[in-house]
Amino acid sequence: MNGPAFSHIPVLLEETLASLDIKPDGIYVDATAGGAGHSAKILERLSEEGRLICMDQDPDAIQTIIEKIGSDPRVTVVHDNFSQIEPVLTELGITGADGILADLGVSSHQLDTPERGFSFHTDAPLDMRMSQEGPTAADLVNTLPEAELRKILYDYGEESFAPRIAAAIVRRRDEAPIESTLELADIVAGAMPAKARRAKHPARKTFQALRIAVNEEMDVLNAGLDSMFDVLKDGGVLSVITFHSLEDRMVKQRFAKYCEGCICPPEFPVCVCGRTPAAERPFKFRKAGREELELNPRSRSATLRSVKKLHSRYPE
C-alpha cells in the first residue's frame, strides 16, 4: 500500500446502521467501503449465514479492507466503482441485496495523504484521482479550454468567481505548467477579491469542482443510484451519505422519483396509469449530532438519506 494506512472515520455510523435495518442472515453491500469503518460494524450484526460485499475503486482502500476484515468468510472484497454493482453482483451469483450503503465522502486517508493531491493545505502533486488511474487534476487545469474550466468551477463548485479563477489559471499555465496543490491554491486566492479570501479557504470550491470532474463523480452517481436501487430485493434498503449540495440534490430528487406514485394528469378523475410508489422513505434525512460534530468536524456536511424498495422501478 502507498502512504499511511487507509483511515476514514465512519460518519453517521449509528444512524446508518439503523437505516439499513440489518437482518443477521442478509446480503449487504458497502459500495464505497473505504477504510472499512461502516463495513466492520455491519459485519458485527451478521450471523454466519450473512454476507457482506465490500466495494471500492481506490486500491489503497482495497488493501486496507482485505487486511481488516478480508479473512472473514462472510466478506467478499471487490475492486470496482459502485456504478458497476449490477455486473459485480451477477458475477458473484447474487440476485438481490437486502441493503446497500454508499458513503460518497472523500476519505480521511485521501485528504490526509499529501501525495494524493486532494488537499489545499499541504503541497503535493495536483492529482485527486480516487482510482489512481486516468487523467489528473493537473491534466485538466493545464489542457482544458478556459470556457470548460469556467463551466467546471460553476457547475461542480458553485464558484461565483469562476471566470476570474479560470482566466488566472490560463494566464499562469501559459508561463509554466501548474503542477502542485499549493500553486493552484495560490492562483485561486490571487484571483479572488480580498473580502472573499477572508471567508472559508478560497480554494475550497475550486478543489471540490476539480475533484468531481477528475473522478466524474456526478455521472457515476447518476448511473449508480439506479443500479443500486435495481439490485435491491423488495424490502431492501439503499442508504446514501452525501457531503455537498450537488450530490445531496441528486439523491433527494432520485429518491423522490422512486417514491412517486400516480403520474396521471391532475384533471383525470381516476388513475389510469396504475403506477404505485416503487419505494418509501423511512425518514427525510439525518445529520450528525452535537457529540459526533465535536469528535469529527468533517461530519458537519454529511447528510444521510434512505429509501426502502417496495417493488422494481417502472421503465422510464
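Entry 1, a helix crossing. Working from what is a predicted model, I looked up how helix H9 (residues 181-191) lies against helix H11 (residues 204-215), and I find that their axes come within 9 Å and cross at roughly 125°. Angles of 65 to 115 degrees would count as roughly perpendicular and those over 145 as roughly antiparallel, and H9 and H11 are therefore oblique to each other. I also noted the hand of the crossing of H9 and H11, which is right-handed. On the H9 side I list Thr181, Leu184, Ala185 and Val188 as making the contact, and on the H11 side Thr206, Phe207 and Leu210. Sorting the residues of this contact of H9 with H11 by type, I get 5 nonpolar, 2 polar and no charged.

I then turned to helix H7 (residues 146-157), whose axis comes within 8 Å of that of H11, with a crossing of roughly 100°. That angle makes H7 roughly perpendicular to H11. From H7 I record Ile152, Leu153, Tyr156 and Gly157, which meet Lys205, Thr206, Gln208, Ala209, Leu210, Ile212 and Ala213 in H11. By type, the residues of the contact of H7 with H11 divide into 7 nonpolar, 3 polar and 1 charged.

I looked up Pro59 and found it in helix H3 (residues 59-69), where its relative accessibility of 31% makes it count as partly exposed. Setting aside neighbours within four places in sequence, I find Pro59 in contact with His79, Met130, Ser131 and Gln132. I also took the separation between the C-alpha atoms of Pro59 and Arg74, which are 15 residues apart along the chain, and it comes to 21 Å.

How many disulfides does the structure hold? I count 0 disulfides. Cys271 is in no disulfide, and its nearest cysteine sulfur, that of Cys262, is 3.6 Å away.

Terms used
Residues numbered from 1 in each chain as written. Predicted model: local features only at pLDDT ≥ 70, side-chain atom pairs only at ≥ 80, totals over all residues. Heavy atoms only, no water. Axes fitted to C-alpha atoms, helices over the stretch in contact; angles between N-to-C directions. Helix = DSSP H or I, 4+ residues; strand = E, 2+ residues; numbered from the N terminus. Parallel < 35°, antiparallel > 145°, perpendicular 65-115°, else oblique. Left-handed = near helix turned anticlockwise from the far one by under 90°. Contact = heavy atoms within 4.5 Å. Nonpolar A, V, L, I, M, F, W, Y, C, P; charged D, E, K, R; others polar. Disulfide = S-S within 2.5 Å. Buried < 20%, exposed > 50% of the residue type's maximum accessible area, 1.4 Å probe, protein only.
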